[in-house]
Amino acid sequence: MTKSLPWWLRDLLWLALFVAVLVGLAYGLDAIPIVGMAYYNRILVLMGINITLAVSLNIINGHAGQFSLGHAGFMAVGAYFSAYLTFYHFAPRLDKMPAGTEQWLMQNVFLVIAVLCGGLLAALAGYLVGLPSLRLRGDYLAIVTLGFGEIIRVFILNIDKIGAARGFSGIPHWGNFFWVFLVCGLAIVISWRLVQSSVGRAFLAVREDQVAAEAMGIDTTRYKVKAFVIGSFLAGVAGGLYAHYTMYLNPQTFMFVKSFEVVAMVVLGGLGSISGSVVAAVILTFLPEGLRSVKDYMPGGRDPRMVIYSIMLIVLMLTRPQGLFGRRELWQVFGRKKKRDQSEAPPVQ
Amino acid sequence: MANGNALLDARDVTIRFGGLTAVSHFNLGIQPHELVGLIGPNGAGKTTVFNMLTGVYKPTEGQIFVGGVSTHDFKPYQITALGMARTFQNIRLFKELSVLDNVKIGGHIHYKYSAAAAVLKTNRFHEAEEAAEHDAIELLKIFGLENRAGYYAKNLPYGDQRRLEIARALSAQPKLLLLDEPAAGLNDRETRDLLQTIRDIHKRFDIAILVIEHNMELVMELCERIVVLNFGKTIAQGTPGQVRENPVVIEAYLGEPAEAAGI
Ligand SMILES: Nc1ncnc2c1ncn2[C@@H]1O[C@H](COP(=O)(O)OP(=O)(O)OP(=O)(O)O)[C@@H](O)[C@H]1O
Ligand SMILES: [Mg+2]
């Protein structure tokens, strides 16, 4: 079927199907009559955002091999800028409209515009950081991007209009399960299609050997910047949805610790493995929540979550330094035997 | 201006690393379809010449023209687009990628498209990918690697890694191919095979080849013209016969065990 359809129609149909499934899921989740469903919904949404962040950082760190520690910064740019647009421009306009379907529609249109603008500004930030710093390698790049993230945060701390140190509150609650997982799904598809293309192969070539990549006609700087722009765009979009879901932003949220968290997801999943990033993001979102109850058994009600969390991470890195899936994808790891047999056989075509 | 239809024209090229003059006043013109050898003892500056030709190093003095274009302000990837591709003395494959992907990446300049086309899988994407796949497999067949297209490059035996590097360079569809010691580390049989393969691709793709090689027998048999470097200076130039007889060359190689030099 897919062969005969024009590419745009085929993709549109898949998108429509995905949207339908998401809408169904969103309604289904709302209908589940459990106490504390709002809490589970919240964790699910945060998981979706974390997956988006991990998958986008994986493009930069895992595919293009540029070790960035500034992802929280890009997320912050998207979160704050989209929240700013909504709070000062879109929400007041929406308030003037009569309640009803049209208002509901405009709310979502505004959300998409705000979040996309957030992503674009984050992409611009990615471009600006990328361009000068990509001459640097390894540790130096990590330090520069780390510095960038902190600069963004300090910058935000000094703008009163978006709340400065008080935090930015009163952002309308427009983000929801549907949007978060739509973006999450798109991020995965984008990343997957990129890595299966000449663009992705160029990323991988840069990661593997820059000198050889240049010699093969690859403009390495351009592709590094490309990876940064795409990765930070997606991080910005994730940040925008985060802002419109939690309704409150605080500069503390975007400390370098947040960047480390995302790096931990990517490294845990295996640098370069998209499914690894997804699985690790899921684990690292649920783990701290699952450990919440441990507190009840501790003397004096102390919260040992961070300790357990850290120990688990360290043990995992000691036993599997290449991450859960290494550089492979989930299905390749479990179907490894089959894969090897295939590679013995003559390729199709 | 550069010399007529020369693929490559290096004029009075000199490079200094601090106090060390690694290559001095190097001149070389290569015409289409020529097979030229670049030889010389260890540390003579052969690889450095390659690095200057391909833009990895900028010459301290002198000029290099590729296809009549001065490459002075060019980055390596731009020089590749002018029709020159190379292999490396210390194999530099994309080790963690498949054999097939290595070759596809070699053809990057011919099969690239925008990130948007990749994400949307447009017609351009499908056309380019089909061409890349087809051409890559054809190349792998020439090197007898088509059955191992799915292997990680690092899992190939050493000799095949060397061959894969040549396949990858050819994938860029160069007019001039630079090979840096393609037979290094190969056994006799592999060396004979390689010699035959180089001859084949030379004919089949109608390209010029500049080859650095320590194996004197191979160079003498393969090349129409040979340039001899010693301590960065060109000490001789000519047909294999002329170079073999040249007393300066013999003397330069006397520093090495005669057997290794093969003279
Ligand atoms: N980047 C560099 N910095 C300093 N010196 C260098 C550099 N590259 C090469 N050289 C020096 O230039 C000289 C020529 O080196 P080159 O690698 O070109 O020799 P070669 O002819 O390829 O030798 P071999 O047969 O061993 O490969 C050597 O003395 C080397 O140490
Ligand atoms: Mg050398």
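The C-alpha centres of domain 1 and domain 2 of chain A lie 23 Å apart. These domains span 1-33 and 34-341, with bounds from an automatic or database domain assignment. The model is predicted: local features need pLDDT of at least 70, side-chain atom pairs count only at pLDDT 80 or more, and totals for chains, interfaces and linings use all residues. Residues are numbered from 1 along each chain as its sequence is written, chains are lettered from A and ligands numbered from 1 in the order in which they are written, and side-chain values use heavy atoms, leaving out hydrogens and water.

**Domains**

- In chain A, 13 residues of domain 1 are in contact with twelve residues of domain 2; contact means heavy atoms within 4.5 Å.
- Chain B is divided into domain 1 (1-83 + 175-263) and domain 2 (95-173).
- The C-alpha centres of the two chain B domains are 26 Å apart.
- Across that boundary, 19 residues of domain 1 of chain B are in contact with 13 residues of domain 2 of chain B.

**Nonpolar cores**

- The largest nonpolar core holds 73 residues. Such a core is a set of buried Ala, Val, Leu, Ile, Met, Phe, Trp, Tyr and Cys residues joined through side-chain atoms within 4.5 Å. Buried means under 20% relative accessible area, exposed over 50%, and partly exposed in between (1.4 Å probe, protein chains only).
- I49(A), L249(A) and F254(A) have the most contacts inside the largest core.
- Helix α3 (residues 71-96) of chain A gives this core its largest share, eleven residues. Helices (H or I, at least four residues) and strands (E, at least two) are DSSP runs, numbered from the N terminus.
- Domain 1 (1-33) and domain 2 (34-341) of chain A both contribute residues, so this core lies between them.
- I49(A) touches M75(A), V180(A), A238(A), L241(A) and Y242(A), leaving aside residues up to four places away in sequence.

**Ligand 1**

- The ligand is surrounded by 14 residues, and the closest are G43(B), K46(B), T47(B), T48(B) and Q89(B). A residue is near a molecule or strand if one of its heavy atoms lies within 4 Å of it.
- α1(B) gives the most to this shell, with three residues.
- β2 (20-30) and α1 (46-53) of chain B each supply at least two shell residues.
- Polar contacts are pairs of N or O atoms within 3.5 Å; within protein, one must be able to donate a hydrogen and the other to accept it, and residues adjacent in sequence count only if both atoms are side-chain atoms.
- A polar backbone atom of K46(B) sits 2.8 Å from an oxygen atom of ligand 1.
- Polar side-chain atoms also reach ligand oxygens: 2.7 Å for T47(B) and 2.5 Å for T48(B).
- Alone, ligand 1 exposes 630 Å², and the protein buries 65% of that. Accessible areas come from the Shrake-Rupley method with a 1.4 Å probe; for residues, only the protein chains shown count as cover.

- The buried residues are V99(B), L100(B), N102(B), V103(B), K104(B), I105(B) and G106(B).
- Their cover includes α7 (198-208) of chain A together with α4 (108-111), α6 (123-142) and α7 (158-170) of chain B.
- L156(B) is in the loop between α6 and α7 of chain B. It counts as buried, at 4% relative accessibility.
- L156(B) touches V99(B), L145(B), R148(B), Y151(B), Q161(B) and L164(B), not counting residues up to four places away in sequence.
- L156(B) and A167(B) are eleven residues apart in sequence and 14 Å apart in space, C-alpha to C-alpha.

**F325(A) and S275(A)**

- F325(A) lies in the loop between α12 (305-319) and α13 (330-334) of chain A. Its 7% relative accessibility makes it buried.
- F325(A) has contacts with residues including G269(A), S273(A), S275(A), R320(A) and V333(A).
- S275(A) is found in helix α11 (residues 274-290) of chain A and is buried at 9% relative accessible area.
- The side chains of S275(A) and E329(A) make a polar contact (2.5 Å).
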